[in-house]
Amino acid sequence: MRLRLRQAALILVVAATGGGVSAAPAADPGAACNVSFTSTLAMARLTAVMATGRFITYTPISLQVVNGQPTTADASSMRADLKVLRSHFDGLITYVSTHGAEAIPGIAAALNYRAVIVGIWDPFDDAQLNAALEAAKRYPQLVVGVSLGNETVFAKRHGFQEMAAAAILAHRRAPDLPISSTEPFHVLYDKAAVPLLNQLDFLLVNVHPVFQPWFRDAPDGNAAQFVVNVVGQLANHYCGPILVKETGVPTAPAEEGFSESRQASFYGELQRLFPPDRRGAFAYFSAFDAPWRATDSLALPPGASASPAQRAEEAHWGLYDGDRHAKSVMEQIPPLK
């Protein structure tokens, strides 16, 4: 459920030597952020999982978009999904709060997950916002935040001012709940992003080296260093915790240079170069392959078009395939203690 255009790099921070900025430096004194919730228990739980646990982005296998219409996720299927993930991950980041996804926090609580960040695909839809806030109210020890949209500004569905207004409304309705929003990293360098950044208690950001022009022929260490450098650069613009929501390597199609071995190599390098702490960490993207996404028209902005062949990689981002079988990358992600 993610727009992916091959954006040009707006910062070229990866050198052949792999040198660069550290993962989570001290924020620039002039960086934007909302500091009003940084001492709350929810923020403490969020940053504890960032530092000592493991987040993964999650869309239920049974939640698909068929002919532009979302299906309803099945509770038993979601329970099977989350059982598979639980031994290696204790934090979930979702994309939708309705269409059956209302059950995710309850299932996660029963399986002893430590944290859920509830995603709201359309933060201007009252039903979706209400469902997310109700989940936070029902599971206050588990839901550590909500994310308002995913690449909403980038997809030109709404602007920064509108998103800032949505964050203000969410804060008013849930004053103790940390609020975030997700955009590709380069969008957040725009000065127009400051009003939104000023309303966010933590930053969720998408950083995909695979869409940089140098990626295919570069060493995997460079791709991982790129993620680290972007996080360091973002700290000049935002002073709160930064959690990379999306990064990774799809495992197909092979003709585009994607494979299970390259996915595993990238994450191995990222684990080495980006040790997590309370200021900065990355989530694994994503839990399961989603074949339907290669033909999902909702993943495109208004007026845009792309053939399934041009978006084939969108079906293969999972650390597990669509039947919940682990890919080779999981061999280097040890179970949580």
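**Terms and their grounds**

Mentor: The model before us is predicted. Let us begin with Q64, which, leaving aside its neighbours within four places in sequence, is in contact with Q69, P70, T71 and W292. Q64 is found in the loop between β1 (55-58) and β2 (65-66).

Trainee: Why does Q64 count as partly exposed?

Mentor: Its relative accessibility is 32%. Buried requires under 20% and exposed requires over 50%, so Q64, at 32%, counts as partly exposed.

Trainee: How far is Q64 from H99?

Mentor: Their C-alpha atoms are separated by 9.8 Å, although the two residues are 35 residues apart along the chain.

Trainee: What makes S286 a buried residue?

Mentor: S286 has a relative accessible area of 7%. The limit for buried is under 20%, and therefore S286 is buried. S286 is found in the segment after β10. Not counting residues up to four places away in sequence, S286 touches I56, T57, W317, G318 and L319.

Trainee: What share of the protein chain is buried?

Mentor: Buried residues make up 58% of its 337 residues. The chain exposes about 13100 Å², of which carbon and sulfur atoms supply 54%.

Trainee: How do you know that the span of helix α8 agrees with its number of residues?

Mentor: Helix α8 (residues 260-273) has 14 residues, and at 1.5 Å a residue it should span 20 Å. The expected span takes one less than the number of residues. The end C-alpha atoms of α8 are 20 Å apart, so the two values agree. In α8, R262, Q263, A264, F266, Y267 and L270 are buried. What covers the buried residues of α8 includes α7 (220-234) and β10 (280-282).

Trainee: What makes strand β7 mostly covered?

Mentor: Strand β7 covers residues 179-184, and six of its six residues are buried. I179, S181 and E183 point one way, while S180, T182 and P184 point the other way, and all are buried.

Trainee: Why are β6 and β7 called a pair?

Mentor: Pairing requires at least two bridges between two strands. Strand β6 (residues 143-150) and β7 have three bridges, so they pair, in the parallel sense.

Trainee: Which strand is joined to β7 by three bridges and runs parallel to it?

Mentor: That strand is β8 (residues 203-206). In β8, the bridge partner of E183 is V205.

Trainee: Which residues touch the most other members of the largest nonpolar core?

Mentor: They are L82, L85 and L92, in a core of 86 residues. The largest share of this core, eight residues, comes from α7. Leaving aside neighbours within four places in sequence, L85 is in contact with I56, Y58, L92, Y113, A287, F288 and Y320.

Trainee: How many helices and strands does the protein chain have?

Mentor: Its secondary structure comes to eight helices and 10 strands. Among contacts between residues at least 6 apart in sequence, 78% join residues at least 24 apart.

Note on methods:
Residues are numbered from 1 along each chain as its sequence is written. This is a predicted model: local features need pLDDT of at least 70, side-chain atom pairs count only at pLDDT 80 or more; totals for chains, interfaces and linings use all residues. Side-chain values use heavy atoms; hydrogens and water are left out. Buried means under 20% relative accessible area, exposed over 50%, partly exposed in between (1.4 Å probe, protein chains only). Helices (H or I, at least four residues) and strands (E, at least two) are DSSP runs, numbered from the N terminus. Contact means heavy atoms within 4.5 Å. A nonpolar core is a set of buried Ala, Val, Leu, Ile, Met, Phe, Trp, Tyr and Cys residues joined through side-chain atoms within 4.5 Å. Accessible areas come from the Shrake-Rupley method with a 1.4 Å probe; for residues, only the protein chains shown count as cover.
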